Amino acid sequence: MEELGTAFRERHGEIEAYLAFLENIEREAQSGPPRIGAAPITAQQQRILYSGVFLQLYNLVEATVVRCLDGVTDAALKQGAWAPGDLTVELRREWVRVMARTHVDMNYENRLQSALSLCDHLVQALPVQGFVVEKGGGGNWDDEAIEHIVRRLGFALQVRPEVHSAVKRKFRDDLGCLQLVKKFRNQLAHGSISFEQCGENVTVSELREMTDRTVSYLSDVVAAFRSYIVGHGYITEARRPQAANA
């Protein structure tokens, strides 16, 4: 489970390095146009650089969620020969969703084949294998989407009260910080705004505050998933290893 925290810290470190670069530029701008070597950095270029933080933060959000969800299915597949009946009702629902492809539009022949595959698996009492939690399309992750999928998995997301309050507090455009990151990431990805427009009317200190709120929230998300996996929360209580209940 340590790989969850390691990957998270590495991506956070990239953002911190970028923010330190932006802080140096902003500091130099107080005594004249900042420069890289002999070349001045224009105000337009600064705004473009600022917009990169939104992309980096969204990358951190989506990567964190994907790794956490993959950690759940990796545990269900690799930590024991779990049968479908060993899984909690919520995770069993995710397994059926994948095996029966209930979320995919198919013709009747393919739907029948998927149903037969599920039936054969149950009849032969095979262990759970070869599935991942359906995550939905990219570009949609914010705190509300994270909380929704955690409820789908059937466990409580423990977030420190001050962290929960900070991530829900309106940051800009009447949105919380993760919602704002998602909004600008999608607008940039779809060409709705330019990078210069994304970075205007924002300061490095605001970008750092947004980063701090996001990182604190995601840290608690990673901790909650780690506890869920280590405690075998994806397995019915009667089938959990004794060590998990000790």
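**Core and helices of a predicted model**

Me: Which residues touch the most other members in the largest nonpolar core?
Reply: This is a predicted model. In its largest nonpolar core, Trp141, Ile146, Leu153, Leu207, Met210, Tyr217 and Phe225 touch the most other members. The core has 57 residues.

Me: Which helices each supply at least two residues of it?
Reply: α1 (2–29), α2 (43–78), α3 (89–99), α5 (143–153), α6 (161–168), α7 (177–189) and α9 (204–230).

Me: And which gives the most?
Reply: α2, with 13 residues.

Me: Take leucine 153. What is it in contact with, leaving aside neighbours within four places in sequence?
Reply: Leu69, Val72, Glu90, Leu91, Glu94, Val133, Phe225 and Tyr228. Phe225 is also among the core residues that touch the most other members.

Me: Switching to α1. How far does it reach from first C-alpha to last?
Reply: 41 Å, over 28 residues. That is close to the 40 Å expected at 1.5 Å a residue.

Me: Which of its residues are buried?
Reply: In α1, the buried ones are Leu4, Gly5, Ala7, Phe8, Ile15, Tyr18, Leu19, Leu22 and Ile25.

Me: Where is glutamine 46, and is it buried or exposed?
Reply: Glutamine 46 lies in helix α2. Its relative accessible area is 14%, so it is buried.

Me: What does it contact beyond four places in sequence?
Reply: Glutamine 46 is in contact with Ile25, Ala29, Pro34 and Ile41. Ile25 is one of the buried residues of α1.

Me: What about confidence? Which elements have the lowest and highest mean pLDDT?
Reply: Helix α10 (residues 242–245) has the lowest, 49. α6 has the highest, 97. The protein averages 85, and 80% of the residues score at least 70.

Conventions:
Residues are numbered from 1 along each chain as its sequence is written. This is a predicted model: local features need pLDDT of at least 70, side-chain atom pairs count only at pLDDT 80 or more; totals for chains, interfaces and linings use all residues. Side-chain values use heavy atoms; hydrogens and water are left out. A nonpolar core is a set of buried Ala, Val, Leu, Ile, Met, Phe, Trp, Tyr and Cys residues joined through side-chain atoms within 4.5 Å. Buried means under 20% relative accessible area, exposed over 50%, partly exposed in between (1.4 Å probe, protein chains only). Helices (H or I, at least four residues) and strands (E, at least two) are DSSP runs, numbered from the N terminus. Contact means heavy atoms within 4.5 Å. The expected span of a helix is 1.5 Å times one less than its number of residues. pLDDT is the predictor's confidence in each residue, from 0 to 100.
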